[in-house]
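Dear colleague,

Please read the notes with the coordinates open beside them.

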Amino acid sequence: MMERKKTTFLFLNESDMIKAGVLDTVGCTRVMDEMFALIGRGDYIMSGHNKNSHGALITFPEKSPFPNMPLAGPDRRYMAMPAYLGGRFHMTGVKWYGSNTKNHEKGLPRSVLMVCLNDADTGEPVALMSANLLSSIRTGSVPGVAAKYLAREGAESVGIVGCGVISRSCVRAILNNMPGAKRVCLYDIYRDAAEKFRDEIKAEFDLEYIIKDDLKQCVVDADVISIAASGAVKVRVEEEWLKPGCLFTVTGHAEMDQEFFQNNAIVFDHWPMHKCWLEESLLHEDGIESIRETISTYPVLKMFHEGHIREEELHSLGDIVSGKVPARKNNDERILFISGGMPLEDVAWGFACYEEAVKQGLGQELCLWDGAYWA
Ligand SMILES: NC(=O)c1ccc[n+]([C@@H]2O[C@H](COP(=O)([O-])OP(=O)(O)OC[C@H]3O[C@@H](n4cnc5c(N)ncnc54)[C@H](O)[C@@H]3O)[C@@H](O)[C@H]2O)c1
């Protein structure tokens with residue numbers, strides 16, 4: 001009879017993850033670059049009917065007959081995001097999180113995230129890790145990859161809109177991939193957030209920093225723009241504000257006119273995932289309107305759905321990184337880059353941190369079973 005196998009896995013709490021280098025934006029941007037090349041070659045699988053779904057979402061009703069059932073609230077949801085990533089990663093994993101704005105009243109971050117990595121062959125857990133930092137850093141690193149491939153030649157000015165957690169890694173990733181960077185303009189609805197942000201980044205990048213009092217002034221001179229703002233005040237950008245040749249990256253919500261999408265090149269982190277959001281929304285009783293408030297690409301998806309944009313005009317960063325599609329046509333083209341975030345990013349950066357944790361002997365080994373009871 002086959003001997004029953006012992007299964008152990010590594011538990012990595014937040015401080016283990018920090019020691020394993022989770023905050024290293026330069027390293028993460030390199031890993032994201034590698035991941036986009038794999039996606040471009042098709043060496044990945046996500047969930048859903050076309051294997052390109054962002055994941056499965058639980059939201060709550062406005063009212064319920066069950067006293068304990070959670071009710072709808074700002075940013076209140078659960079999300080499971082599974083993926084398999086090939087290449088040297090050869091790893092399956094899932095990011096699982098709960099989010100509730102009211103967490104702040106309890107001394108918790110808005111969302112609480114964990115990543116589980118599983119052996120791609122057996123399904124055994126390999127690692128279970130705290131993923132708040134992992135998630136922020138992988139999100140911010142993606143515009144850095146976009147800047148590497150899509151910024152115009154000689155790009156020297158950056159505009160950062162929203163000076164919060166995600167923008168901290170966006171700016172680091174962008175500046176590390178923009179060798180000619182000279183100036184950074186910052187804008188936040190709270191000036192002190194921009195000042196704090198500037199002081200932190202200034203210590204790492206010796207550049208000129210200018211805090212702007214309005215959104216337009218922050219973006220008019222920028223060769224690379226990064227928008228990662230969240231809150232009740234919407235970010236609305238007019239096309240005529242933008243310089244020819246600029247790369248306009250959006251991580252989160254930003255509003256633009258319909259013509260903006262028709263007049264400029266559009267690159268997604270992964271168009272098939274956004275298309276899958278559209279297809280999934282059409283199964284909902286409210287149709288595409290069901291994603292109006294939750295999916296930042298809703299305006300483009302609506303235009304695509306109504307036939308105002310052709311699919312051939314919608315590109316994916318993986319196709320650019322893997323050389324299937326040219327990066328930019330010329331130095332005057334404006335490019336809109338939209339990032340929706342993929343579970344593949346969590347598996348990729350989670351795996352890299354796990355490898356480093358093993359090297360350093362970090363974390364706690366936990367035993368799932370010493371031979372499964374029903375093997
Ligand atoms: N694509 C992805 O993978 C992904 C993943 C995580 C988060 N996000 C998105 O990134 C965005 C930022 O998240 P965060 O965690 O950094 O939030 P945060 O709350 O830490 O920071 C947001 C900042 O934006 C500022 N702000 C709000 N409205 C503004 C406006 N109109 N103009 C300028 N500044 C404004 C706030 O004052 C705050 O400083 C959110 O929209 C979030 O949904 C995207």
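Helix 2 (residues 25-41) and helix 3 have axes that come within 8 Å and cross at roughly 65°, where axes are lines fitted to C-alpha atoms, for helices over the stretch in contact, and angles run from 0 to 180 degrees between N-to-C directions. That angle makes helix 2 roughly perpendicular to helix 3, since angles under 35 degrees count as roughly parallel, over 145 as roughly antiparallel, 65 to 115 as roughly perpendicular and the rest as oblique. Helices (H or I, at least four residues) and strands (E, at least two) are DSSP runs, numbered from the N terminus.

Before going further, please note that this is a predicted model, in which local features need pLDDT of at least 70 and side-chain atom pairs count only at pLDDT 80 or more, while totals for chains, interfaces and linings use all residues. Residues are numbered from 1 along each chain as its sequence is written.

On the helix 2 side the contact involves Thr25, Cys28, Thr29, Met32, Asp33 and Phe36, which meet Ile137, Arg138, Gly140, Ser141, Val142, Gly144, Val145 and Lys148 in helix 3, two residues being in contact if their C-beta atoms, placed from the backbone, lie within 7 Å. The residues of this contact of helix 2 with helix 3 divide into six nonpolar, five polar and three charged, with Ala, Val, Leu, Ile, Met, Phe, Trp, Tyr, Cys and Pro counted as nonpolar, Asp, Glu, Lys and Arg as charged, and the others, Gly among them, as polar.

Helix 2 also packs with helix 11 (residues 343-360), at an angle of about 130° and with the axes 10 Å apart, and the two helices are therefore oblique to each other. Here too the crossing of helix 2 past helix 11 is right-handed. Gly27, Cys28, Val31, Met32, Met35 and Ile39 of helix 2 make this contact with Leu344, Glu345, Ala348, Trp349 and Ala352 of helix 11, and by class the contact of helix 2 with helix 11 has nine nonpolar residues, one polar and one charged.

Helix 3 (residues 132-150) has a further partner in helix 4 (residues 165-176), and their axes come within 7 Å and cross at roughly 35°, again in a right-handed crossing. From helix 3, Ser136, Ile137, Thr139, Gly140, Ser141, Pro143, Gly144 and Ala147 meet Val165, Ile166, Arg168, Ser169, Cys170, Ala173, Ile174 and Asn176 in helix 4. The contact of helix 3 with helix 4 comprises eight nonpolar, seven polar and one charged residues.

Which helix gives the most to the shell around the ligand? Helix 4 does, with three residues. In total 25 residues surround the ligand, the closest being Gly162, Gly164, Ile166, Gly252 and Gly341, where a residue is near a molecule if its C-beta atom, placed from the backbone, lies within 6 Å of it. By class this shell has twelve nonpolar, twelve polar and one charged residues.

Two residues deserve a look at their backbone angles. Most residues other than glycine have a negative phi. Lys51, in the loop between strand 2 (44-46) and strand 3, has a positive phi of about 60° although it is not a glycine. Asp75, in the loop between strand 3 and strand 4, has a positive phi near 55°.

As for exposure, a residue is buried if 20 or more other C-beta atoms lie within 10 Å of its own, exposed if 12 or fewer, and partly exposed in between, with C-beta atoms placed from the backbone. Lys51 counts as partly exposed with 14 C-beta neighbours inside 10 Å, and Asp75 is partly exposed with 13. Phe60, in the loop between strand 3 (56-58) and strand 4 (77-85), is partly exposed with 15. Not counting residues up to four places away in sequence, Phe60 touches Met69, Pro70, Leu71, Ala72 and Arg76. Met1, in the segment before strand 1 (6-12), counts as exposed because it has 4 C-beta neighbours inside 10 Å.

With best regards

Definitions and conventions: Left-handed = near helix turned anticlockwise from the far one by under 90°.
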